[in-house]
Amino acid sequence: MVGLGVPWRGILHPRPVELKGLDSLVSPSSFGRPPLTTQSLLTSARFTREYLPVRLSRRIRALRNLPYIIVSNPNISTIYNNYIDSLTAILAFPAGSLTNLTEESKFTELLTEIVKTHSNTIPILAKGFLECRGYVTPEEATKFLDHHLRARIGTRLMAEQHIGLHLASVPQPPTVSVPGKSYIGTVDTELRPAEIIESCASFVGDICELRYGTRPKLTIDGNPDITFPYIPVHLEYIITELLKNAFRATIEANSPVPVIATIAAAPGPPDAGGITIRIRDQGGGIAPDDLCHIWSYSFSTFNGSRSSIGSGNSGRLEDVDDGGADGGVDVMGRFTESAGALETSSIAGLGYGLPMSRAYAQYFGGSLKVQSAYEWGTDVYLRLKGVGLDGV
Ligand SMILES: Nc1ncnc2c1ncn2[C@@H]1O[C@H](COP(=O)(O)OP(=O)(O)OP(=O)(O)O)[C@@H](O)[C@H]1O
Ligand SMILES: [Mg+2]
């Protein structure tokens, strides 16, 4: 652990439970370091039981407020029905229940099921919006998806936080993988970004091998020993997307220069617990005309085509298909393929990577910024604050 002060200060101390704000989302972890006492675990379950329905109801209301033609799209209505089903299942645990570990275990099983059911929400919603592109502007679609995604990150986190606390507190059969000792729920209090960068680079490198028959080199510099408290799956998601972009650009520009990931402690007081990661590539940068679109859901230049949800020129979607590099799989096909997991195994093409990564980064007060030197390369700055620290 290098010089980042007391990383779980905020996590370990109970805070007042507020409905609004990020505090309410990390407060399930305020019950102490696992294994939790039965009483703390039950309190966490009741907290989750109390606030999840509010969050799910808000999503249901937002979907219901969409124009009728959009809500009646089969993909959008699938998601709508998923939310209704999840809400109904949670409300089947009456207020005042969850008073013993048997009920709590059943509730945790339900949460696990709900997390699974909702894992494809964003690709399915985006596919629905694509199908409704004549009735919604790209700005409206992006605004809805962005808002939905941000709300969803919190909802999912709330469910996963309790699942994580349960797994670490109630004895599990050997077949179930339980969080390591440095975890509090979903938060790894000693997360080492360098490790995540290495494993994501290996994964993205494999995708490149499959797609292009080659993989760029990656160098990690700065301070690879830094650790900070964060949610590993969030960082993995962001880094995978940034490396996919950097590797793709490097290969397509035929650049022999390695991608460089620089890790540094964020500016601020020594115990601020934040980090900065800069991913630098010499893959030719982003064309000035494209720069203003890169944060739109579904904007992609993959295969040399441009597509974006709600594009007035719906022929753009066929352009992607015509690129032919996917052997005739059209963009809808790619959505369906990727619907199994957001960590799609294709190198690019959905146009979610940057907007979704930014939403994840901003969730805990971080940021994601892109600087492009056209015909040279791209620098992406990811700044993250430690989760559970003051200010979160
Ligand atoms: N490092 C980079 N170098 C060059 N262009 C980039 C880079 N990062 C992003 N871009 C441009 O921004 C576009 C949008 O990026 P984004 O990651 O959101 O979508 P994508 O990579 O096309 O698809 P995916 O959903 O698989 O990430 C890319 O298609 C590409 O044109
Ligand atoms: Mg991408």
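Predicted model: local features only at pLDDT ≥ 70, side-chain atom pairs only at ≥ 80, totals over all residues.
Good morning. In helix α9, the buried residues are Pro 193, Ile 196, Ile 197, Cys 200, Ala 201, Val 204, Ile 207 and Cys 208. Their directions span an arc of only 130° around the axis, which means that they lie on the same side of α9.

Let me describe the helix itself. α9 runs over residues 193-212, 20 residues in all. From its first C-alpha to its last, α9 reaches 27 Å, close to the 28 Å expected at 1.5 Å a residue.

Which elements cover the buried residues of α9? Among them are the strands β2 (187-191), β3 (218-222), β5 (259-265) and β6 (275-281), together with the helix α10 (232-252). On the face of α9 turned away from its buried side, we find the exposed residues Ser 202, Asp 206, Glu 209 and Leu 210. After α9 comes Gly 213, and the phi of Gly 213 is positive, near 75°.

I now turn to ligand 1. How many residues surround ligand 1? There are 23, and the closest are Asn 245, Ala 249, Ser 300, Leu 350 and Gly 353. Helix α10, already mentioned as part of the cover over α9, contributes 5 residues to this shell, the largest share. Both α10 and α14 (353-363) supply at least two residues each. Sorted by class, the shell around ligand 1 consists of 10 nonpolar, 9 polar and 4 charged residues.

How values were computed:
Residues numbered from 1 in each chain as written. Chains lettered and ligands numbered in written order. Helix = DSSP H or I, 4+ residues; strand = E, 2+ residues; numbered from the N terminus. Expected span 1.5 Å × (residues − 1). Buried ≥ 20, exposed ≤ 12 C-beta atoms within 10 Å, placed from the backbone. Arc of directions from axis to C-beta. Contact = placed C-beta atoms within 7 Å. Near = placed C-beta within 6 Å. Nonpolar A, V, L, I, M, F, W, Y, C, P; charged D, E, K, R; others polar.
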